[in-house]
Amino acid sequence: MKQRSVLHVDLDAFFVSVERVLNPSLCGKPVVVGGSARQRGVVAAASYEARKFGVRSAMSMAQAMRLCPDLTRVAGTHQMYSRASKAVFSLLGNYTPIIEKVSVDEAYLDLSGTHHLFGDALDAADEMRRRVKDELRLDLSVGVSTNRLVSKVASAHAKPFGLCDVAHGDEASFFSPFDIKKLPGIGPVTADKLRSLNIHTLGVLAASEASLLQHTLGRHSASMQRRARGECNVAVCPPWQRQMAKSIGHEQTFATDISDVSLLRGHIQLLLEHACSRMRAKSLAAKTMSLKVRLADFSTKTRDLSLPQHSDNEQQWLKQAEMLMDKMLTPRSAVRLLGVRFTHFAENHYQPGLFDHEDNEQRARTAIADELREKYKGSSFKFGASLWV
Ligand SMILES: [Mg+2]
């Protein structure tokens, strides 16, 4: 399968850098942006010179001043930050429409399939950094890899003003030496648990006995280990793509009307597989499903059902959908058309960083099925009960 090219771009010490564009005398000095110590202010951003003294974001300004007595504090001009941010992202928009901004100074870009326009992703990334520097006088660090997780860690590794690319196949070995804290999603509590098992690096985490981890970390351990190997299949999802999806569905008109209930169930599963696969491709999960049944006499019924929580997993919808269909049909109904349609979406329902999602093994299998479906577009690839449909 053709690998994706995903970039994570992150502006270095963004607020401070904007202040330095406005006031070049701040360059080379330890600078922070934030409220004054007298008013119990907090550090919103620190220059790399200030970080050398141990000054960090979210630290109280009073403590920052104690750590670095020569610190220059700037109150901050937030309008300028959003203006600078817009300028940066409109420049990056020249390279791909698939940009998912995650904060004022950080975004994921999917450059798959743009190489005929901009050369390979690494060249494009390098050009982006140069142009952001030349045209906007800001430092951009970029991580390049086949997925967003590895690119995120790579851009952090590249800072300041760096570029780090990880070739397909090298994800696990790139991650291996890093401290477990570098993996997005591992917070202090999880890190402490891992250290108590004598696990300090991502390589050791990836290679640890699964049963040992599961005992301490519970059901999240499998996905944590996969992520420790640099595996991630969450798509870059720009806002326009999310807004587009008000509903996602599939329907099928049969060549001859069907009365056989088990055959109809097979068709429902197939429709659910297709619709759920499209939901997953958009990083969406639905709360409500409508089932549409048209009978031989063209009378059409639609009924809704909702799950207690959002889901993009056909297995979770199947039982309920079958029960709903049974209610909508009489024993001799001849069905001309079946359709399923999902609505009421949650964005990015799947938050791999939080390690609290549904069964991970199931999700991994589903991801493989989605890839196969994409590869063999159409209906040549089917799962289990729908195979014979
Ligand atoms: Mg940043």
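Trainee: Which strands does helix H4 (residues 78-92) lie across?

Mentor: In this predicted model, helix H4 lies across S1, S5, S6 and strand S7 (140-145). Relative to S5, helix H4 runs at about 160 degrees. The chain as a whole contains 16 helices and twelve strands.

Trainee: In what order do the strands of the open sheet stand?

Mentor: Let us begin with the general idea. Strands of a sheet pair through backbone hydrogen bonds, and the pairing is either parallel or antiparallel. Here, five strands form an open sheet in the order S5-S6-S1-S7-S8, and the pairing is mixed. S5 and strand S8 (163-165) stand at the edges; each has a single partner strand, so one side of each is left without a neighbour in the sheet. On average, and with direction ignored, neighbouring strands of this sheet are turned by 15 degrees against each other.

Trainee: How many bridges join S5 to S6, and do the two run parallel or antiparallel?

Mentor: S5 and S6 run antiparallel and are joined by four bridges.

Trainee: Which residues are the protein donors of the magnesium ion?

Mentor: The donors are Asp10 (OD), Leu11 (O) and Asp105 (OD), and they lie 2.2 to 2.4 Å from the magnesium ion. Their spacing in the sequence is D-L-x93-D. Distant parts of the chain are linked here: Asp10 belongs to strand S1 (residues 6-11), whereas Asp105 is in the loop between strand S5 (99-103) and strand S6 (106-110), and the two are 95 residues apart.

Trainee: Why does Asp10 count as buried?

Mentor: A residue is called buried when its relative accessible area is under 20%. Asp10 counts as buried because its relative accessibility is 11%. Asp105, with a relative accessible area of 17%, is buried as well. Across the chain, buried residues make up 48% of the 389 residues.

Trainee: How many residues of helix H1 (residues 14-22) are buried?

Mentor: Seven of the nine residues of H1 are buried, so this helix is largely enclosed by the rest of the structure. The buried residues are Phe14, Phe15, Val16, Ser17, Val18, Glu19 and Arg20. They pack against S1, strand S2 (31-34), strand S3 (43-46), helix H2 (48-51), strand S4 (72-74) and H4.

Trainee: In which strand is Gly34 found, and which residues is Gly34 in contact with?

Mentor: Gly34 is found in strand S2 and is buried, with a relative accessible area of 6%. If its neighbours within four places in sequence are left aside, Gly34 is in contact with Val42, Ala44, Met61, Arg73, Val74 and Ala75. The C-alpha atoms of Gly34 and Ala58 are separated by 9.3 Å, although these residues are 24 residues apart along the chain. For the chain, residues 24 or more positions apart account for 65% of the contacts with a separation of 6 or more.

Conventions
Residues numbered from 1 in each chain as written. Predicted model: local features only at pLDDT ≥ 70, side-chain atom pairs only at ≥ 80, totals over all residues. Heavy atoms only, no water. Donors = N, O, S within 2.8 Å, 3.2 Å for Na, K, Ca; no water. Buried < 20%, exposed > 50% of the residue type's maximum accessible area, 1.4 Å probe, protein only. Pairing = 2+ DSSP bridges. Axes fitted to C-alpha atoms, helices over the stretch in contact; angles between N-to-C directions. Contact = heavy atoms within 4.5 Å.
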